[in-house]
Amino acid sequence: MDIWVILNPLIRALLYGTCLVVTGTLLFAFHFKKYQTPQSLTYCSSLAKNGSIFGLVISATFFLSISGNMGGDFSSIFSPLFLNLALQTKSAIAAALLLLGFSSFYFSGKMRWPQIEKAFAIGGAVLLLTSFVSTGHALKTGTITQILLFIHLVGISFWIGSLLPLLHLSLSSNTANLLLIAHRFGILAVYYVLGLLVAGAGYTYALLGSDLSLLLSTSYGNVLLAKMATVSTLLLCGALNKFWCVPKIIKDGPRGARLLRISLKFELLLAVIILSMTSLLST
């Protein structure tokens, strides 16, 4: 059995997850920085830094996997022939964008001037998301599809990337900040979710066309249907948080925070499943 049949989806899932966490943390800080506790700010900074370091490692692994996949065995990642061929692929461009993006994120935390730090972080986020629209299915139908995918990724980043910071806040005894941020998150999520759903629907239509039977008759369509069902469940959890868990925090802070924490953990599990299915679709 070709080992890369297993490794390629795993590497991509880790890449997707790391990119979304790092980019989502930036969006979370942009929207909620002034409402966060010092502990939450430290956590987000550490999350972005560690995510960037891990991202650099997994991005390098992603590039090596290109040559490995060409040769069909693990030893091919060290082959000068396959490495040279890998450098000529569009996937190599994506790997370079990923390395640059994670590097930019990492060094943004070392800048002394806030404006330069912000520029490095934003530039890193753009590079990371651009890496996913520079290769694969997004190239098949042109610029419009790439724009739709980029918008979709921004929405997903905000949603999934905010789960860990929110979970950390829910562990604090200070539920006032949690209530304020969770409430504002619910308001902003409406716009981000609307954007990701519209862009996702447009992207899917561009790939599959109007023949909905392809969702049932192809393996790609089957996995896509399963992904859509999981995303719907994730959105249902988000609605549950907004209309049930957050009001519970108002009435009983510790109990409401505990309910929100349980919901967020379930959302993280769903996010892992979604990323796994996305990696299958892209490979």
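The model is predicted, so to speak of local features a pLDDT of at least 70 is needed, side-chain atom pairs count only at pLDDT 80 or more, and totals for chains, interfaces and linings use all residues. Residues are numbered from 1 along each chain as its sequence is written, and side-chain values use heavy atoms, with hydrogens and water left out.

**Confidence**
- The chain averages a pLDDT (the predictor's confidence in each residue, from 0 to 100) of 86, and 96% of the residues score at least 70.

**Helix α8**
- Helices here are DSSP runs of H or I with at least four residues, numbered from the N terminus.
- With 34 residues (175-208), α8 reaches 46 Å from first to last C-alpha, close to the 50 Å expected at 1.5 Å a residue.
- Just after α8, Gly 209 has a positive phi of about 75°.

**Aromatic rings**
- Counting rings of Phe, Tyr and Trp (its six-membered ring) as paired if their centres lie within 6.5 Å, there are six aromatic pairs.
- Ring pairs join Phe 158, Trp 159, Phe 185 and Tyr 192 in a cluster.

**Cysteines**
- There are zero disulfides, a disulfide being a pair of cysteine sulfur atoms within 2.5 Å.
- The closest cysteine sulfur to that of Cys 19 is in Cys 44, 18 Å away and too far for a bond.
- Cys 19 is buried (under 20% relative accessible area, with exposed over 50% and partly exposed in between, using a 1.4 Å probe and protein chains only), at 1%.

Notes:
Rings of Phe, Tyr and Trp (its six-membered ring) pair if their centres lie within 6.5 Å; planes under 30 degrees apart count as stacked, over 60 as edge-to-face and the rest as tilted. Helices (H or I, at least four residues) and strands (E, at least two) are DSSP runs, numbered from the N terminus. The expected span of a helix is 1.5 Å times one less than its number of residues.
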